[in-house]
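Look at the sequence and the predicted model below.

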Amino acid sequence: MADPALLLRAARERTVRRIGELSAVFEAIVEASDTANLDDEHDPEGATVGFERAQVSALLERARSQLDELDDADERVRLGTYGTCEVCGEAIAAGRLAAQPAARACVTCARS
């Protein structure tokens, strides 16, 4: 298995970048809606500004949650419990950890 600390650091860096990007998009939507005379209810172009703002807000919330999960995984590395399923106590497969570095459960337990 690759070094867990490196996997988590790379995932954390990607997540922090994503939070920055989403924050900028959110701010741009808010700024554009403040300066424009928008009629969200009768917009012939499709999605409303409110919908776009809510969608980006949900993505931003999820990215922040992922960052918290990665920080928790860093703590498990420090404690020596990283890679151990919190449900059954067995090792979490390296492939799962590579795909989901903050995984707390093995595939079998995660399905339950």
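Asp 72 has a relative accessibility of 38%, so Asp 72 counts as partly exposed in this predicted model. The side chain of Asp 72 meets that of Arg 104 in a salt bridge, with 3.0 Å from N to O. Because Asp 72 belongs to helix α2 and Arg 104 to the loop between α3 and α4 (107-111), the pair ties together parts that lie 32 residues apart in sequence. Arg 104, at 35% relative accessibility, is partly exposed as well.

In general, side chains of opposite charge can pair when their charged atoms come close. The structure holds 6 salt bridges.

| Pair | N to O distance |
|---|---|
| Arg 62 and Glu 69 | 3.2 Å |
| Arg 104 and Asp 72 | 3.0 Å |
| Glu 75 and Arg 78 | 2.5 Å |

How far apart in helix α2 are Glu 75 and Arg 78? They are 3 residues apart, which means that about one helical turn separates them. Glu 75 has a relative accessible area of 34% and is partly exposed. Arg 78 is exposed, because its relative accessible area is 60% and the class of exposed residues begins over 50%. Some salt bridges share partners, and through them Asp 72, Arg 76, Glu 86 and Arg 104 are joined into one network.

The salt bridge of Arg 62 is formed with Glu 69. Arg 62 is partly exposed, with 41% relative accessibility. For Glu 69 the value is 31%, so this residue also counts as partly exposed.

The other topic is empty space. Rolling a probe the size of a water molecule over the atoms shows where such space is left. In this model, the largest pocket holds about 270 Å³ of space. Which residues are the closest to the centre of that pocket? They are Thr 15, Gln 66, Leu 70, Gln 100 and Pro 101, out of 14 residues in the lining. Two or more lining residues come from each of the elements α1 (4-35), α2 (49-79) and α3 (94-99). By type, the lining of the largest pocket divides into 6 nonpolar, 3 polar and 5 charged residues.

How values were computed. Residues numbered from 1 in each chain as written. Predicted model: local features only at pLDDT ≥ 70, side-chain atom pairs only at ≥ 80, totals over all residues. Heavy atoms only, no water. 1 Å grid on protein atoms, 1.4 Å probe; cavity = no way out; pocket = protein on both sides within 12 Å on 5 of 7 lines; lining within 4 Å. Points joined across faces, edges and corners; volume = space filled by probe spheres on them. Helix = DSSP H or I, 4+ residues; strand = E, 2+ residues; numbered from the N terminus. Nonpolar A, V, L, I, M, F, W, Y, C, P; charged D, E, K, R; others polar. Salt bridge = Lys/Arg side-chain N within 4 Å of Asp/Glu carboxyl O. Buried < 20%, exposed > 50% of the residue type's maximum accessible area, 1.4 Å probe, protein only.
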